[in-house]
Amino acid sequence: MNYNNTVIFMRPSTVILIGIPGLDSIFHWVSIPFCAMYVVAFLGNFTLIYLIVSESSLHEPMYAFLCMLSATDLMLSSTILPKMLAILWFNAGAMTFTGCMIQTFFFHFFFLLESVILLSMAFDRYVAICEPLRYTTILTNKVIGNMALVCVTRSLVFVAPGVYFLMNLKYCGNNVIHHTYCENMVVAKLACGDISSSSVYGITAAFLTTGLDFVFIFVSYVLILRAVFALPSKAACLKALSTCAAHVCIILIFYILAFFSFFTHRLGMGIPPHIHILLANLYIVAPPVLNPVVYGVNTKAIRTTLKKLFQWRRIQ
């Protein structure tokens, strides 16, 4: 009997993340801006959460969603950046396969959670601007709690099957991942069997979650802008436009970079690997850096609370 063509399927016990191919010689330089952004994101979002939780005047629907966004930003960036920096600083790319699956799960979980929270915030702004008299009756504490539960449940329901598909692919011992973190497609490419089920599910899940979120956010802001242009006061119109423009910029940064990474993984598109991986890391850390500024410092109530905090510290 001939066993020469027998393929032994074996899930790797460990995987090796090699970081950013082609930039090995400047890993330390690459790490500097990412480390700085991570520190800023951590401090900014932690401060925002502290202010909203501790200040009773900020216990309103808009700030509740902002608090959820900041917590998600902290978790998303902390799922990826510490390991990425360890790779860039110490070449510590080894990770157990189980650890890789856990990172994959939480990366996609918090990413989908952030997407649906951005949609919830767009809905909040729609109600505040287009239905101001019904704002407090529509967005009650119970409704906000239910929305948060739906957001978490949706992310869990869509992410868990994707990780299940990954764990049940046929692997042949290849354990080198040309990336700085584990995510669905880079792990699937380690398999030597058919990965179509995982790929199809990933595309379907992305369309039904982030794809539809983006469509609904776009529709929400079209309705918001229509209401804003109908305002009789020019000053009020300009103020609303300024706020909307800042929010839209953050949303575009998040979705454009995310969609770019998603499609280049699946379609190739001739993008150099180091460019793709740098942008794949950027869309994880850029929104957490910008969100506290755009949604927090740009909000008068947040600025006032922050000033009160610093004044209290000086008195102490």
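Helix H3 (residues 97-130) and helix H7 (residues 196-229) have axes that come within 9 Å and cross at roughly 20°. The two helices are therefore roughly parallel (an angle under 35 degrees), and the crossing of H3 and H7 is left-handed. The model is predicted: local features need pLDDT of at least 70, side-chain atom pairs count only at pLDDT 80 or more, and totals for chains, interfaces and linings use all residues. Residues are numbered from 1 along each chain as its sequence is written, and side-chain values use heavy atoms, with hydrogens and water left out.

**Helix contact**
- Residues of H3, including Phe-111, Leu-119 and Tyr-126, meet residues of H7, among them Thr-209, Phe-216 and Ile-224, where contact means heavy atoms within 4.5 Å.
- By class, the contact of H3 with H7 has 16 nonpolar, four polar and two charged residues.

**Disulfides**
- There are two disulfides, each a pair of cysteine sulfur atoms within 2.5 Å.
- Cys-100 and Cys-182 have sulfur atoms 2.0 Å apart; the torsion about their S-S bond is about -120°, so this disulfide is left-handed.
- Cys-100 lies in H3 and Cys-182 in the loop between strand S3 (176-177) and helix H6 (184-188), so the pair ties together parts 82 residues apart in sequence.
- Cys-172 is joined to Cys-192 with an S to S distance of 1.6 Å, and this link is right-handed, with 55° about the S-S bond.

**Accessibility**
- Cys-100 and Cys-182 are both buried (under 20% relative accessible area).
- Cys-172, at 34%, and Cys-192, at 41%, are partly exposed (between the buried limit of 20% and the exposed limit of 50%, with a 1.4 Å probe and protein chains only).

Note on methods
Axes fitted to C-alpha atoms, helices over the stretch in contact; angles between N-to-C directions. Helix = DSSP H or I, 4+ residues; strand = E, 2+ residues; numbered from the N terminus. Parallel < 35°, antiparallel > 145°, perpendicular 65-115°, else oblique. Left-handed = near helix turned anticlockwise from the far one by under 90°. Nonpolar A, V, L, I, M, F, W, Y, C, P; charged D, E, K, R; others polar.
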